[in-house]
Amino acid sequence: MELQAEEGRLIAAAGPGRVLVATAVPVERDAVAAGLPAARAGGEAPLDVITVGVGPASAAAATAAALTAAALRDRPYDLVVSAGIGGGFQPDAPVGSLVVADEVVAADLGAETEDGFLPVTELGFGTVRHRPPGELVRRVTEATGARAGAVLTVSTVTGTAARAAALRERHPTALAEAMEGFGVAEAAAAQGVPVLEIRAVSNPVGPRDRDAWRIPDALAALTEAFGKLAPVLEGWNRHDR
Ligand SMILES: O=C(O)c1cccc(C(=O)CC[C@H]2O[C@@H](n3cnc4c(=O)[nH]cnc43)[C@H](O)[C@@H]2O)c1
């Protein structure tokens, strides 16, 4: 496999569409890269896998920097993928399973009131939702067997059954939560680039229980998924939307 290592990132082969995969931490980056096919000699349009840090702010800043750098080199990306491990809402997203976001939702961006949570959109600001291209989501589910549903972005990992239930009540289609998707999506949207989010479930969303974590299994699921996804991502371009 032709794989160039640079500071904080790996470059592997892809096809016509330029794809940026944003993972939070190096183990996730390496799990994604391990699933990618060998680069074609002299191949154009690499698929880049980078680390963007934990949490939406770090993810947005690092993704924006990578997108801007690529655009300034006249090699803009056609698609950004937020990928990594995440918590799964039970029983719909069991540990070890794969989830693809049909919506990337900022679940705790808003205000607490006596009557409950208000998203920033109801306060008159911004956005709390990005929608990946439906056709691409469909192709990902077909290629990998991933379930499609909302993936929530939170700044605080859920640690109680009560909070898990409250999130699910506000977002009935939610299958997973993680901490970077919305930040990656905001950076992509600011540059007019579509976004996708893929999460391998490492733990249930709910009461904190480190013994229930299955990080190696989730990383293996991520590797397997990207093995199947490479042709889908390569073959897709933003005009397919
Ligand atoms: O110490 C804890 O109780 C705890 C529980 C869940 C996650 C963490 C992390 O520090 C990992 C954050 C990291 O992994 C993604 N992730 C994985 N599972 C979840 C989750 O259930 N809720 C939110 N994020 C999760 C996340 O995207 C970060 O990159 C600690």
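Biologist: Is the crossing of α2 and α5 left-handed or right-handed?

Modeller: α2 passes α5 in a right-handed crossing. A crossing is left-handed if the near helix is turned anticlockwise from the far one by less than a right angle, and right-handed if clockwise. Before we go on: this is a predicted model, where local features need pLDDT of at least 70, side-chain atom pairs count only at pLDDT 80 or more, and totals for chains, interfaces and linings use all residues. Residues are numbered from 1 along each chain as its sequence is written, and side-chain values use heavy atoms, with hydrogens and water left out.

Biologist: Which residues make the contact between α2 and α5?

Modeller: From α2, Pro56, Ala59, Ala60, Thr63, Ala64 and Leu67. From α5, Gly183, Val184, Ala187 and Ala188. Contact means heavy atoms within 4.5 Å. By class, that contact has eight nonpolar, two polar and no charged residues. Ala, Val, Leu, Ile, Met, Phe, Trp, Tyr, Cys and Pro count as nonpolar, Asp, Glu, Lys and Arg as charged, and the others, Gly among them, as polar.

Biologist: And the geometry: at what angle do the axes of α2 and α5 cross?

Modeller: Roughly 30°, and the axes come within 7 Å. α2 covers residues 56-72 and α5 covers residues 181-190. Axes are lines fitted to C-alpha atoms, for helices over the stretch in contact, and angles run from 0 to 180 degrees between N-to-C directions. Helices (H or I, at least four residues) and strands (E, at least two) are DSSP runs, numbered from the N terminus.

Biologist: Back to Leu67. Buried or exposed?

Modeller: Leu67 is buried, because its relative accessible area is 3%. Buried means under 20% relative accessible area, exposed over 50%, partly exposed in between (1.4 Å probe, protein chains only).

Biologist: What is Leu67 in contact with, leaving aside neighbours within four places in sequence?

Modeller: Leu20, Tyr77, Val80, Ala187, Ala188 and Gln191. Tyr77 is ten residues from Leu67 along the chain, and their C-alpha atoms are separated by 6.8 Å.

Biologist: Other helix pair. How do α1 and α6 pack?

Modeller: At an angle of about 35°, with their axes 7 Å apart. The crossing of α1 and α6 is right-handed. In α1, Val27, Glu28, Ala31, Val32, Ala34 and Gly35 meet Leu219, Leu222, Thr223, Phe226 and Gly227 in α6. By class, the contact has seven nonpolar, three polar and one charged residues.

Biologist: What does Gly35 touch, not counting residues up to four places away?

Modeller: Thr223, Phe226 and Gly227. The C-alpha atoms of Gly35 and Thr223 are separated by 4.5 Å, yet the two are 188 residues apart along the chain. Gly35 has a relative accessible area of 13%, so it is buried.

Biologist: Where does α6 bend?

Modeller: At Leu229, by about 45°. A proline, Pro231, follows within four residues. The bend is the angle between axes fitted to the seven residues ending at a position and the seven starting there.

Biologist: Which residues of α6 are buried?

Modeller: Among them are Leu219, Leu222, Phe226, Leu229 and Leu233. Glu234 is buried too.

Biologist: Switching to strands. What is Gly84 in contact with, beyond four places in sequence?

Modeller: Glu28, Ile198, Arg199, Ala200 and Leu222. Gly84 lies in strand β5. Its relative accessibility is 0%, so Gly84 counts as buried.

Biologist: Where is Asp74?

Modeller: In the loop between α2 and β5. Asp74 counts as exposed because its relative accessibility is 67%.

Biologist: Last one, the whole chain. How many helices and strands?

Modeller: Six helices and twelve strands. The chain has 241 residues, and 50% count as buried. Of contacts with a separation of 6 or more, 81% are between residues 24 or more positions apart.
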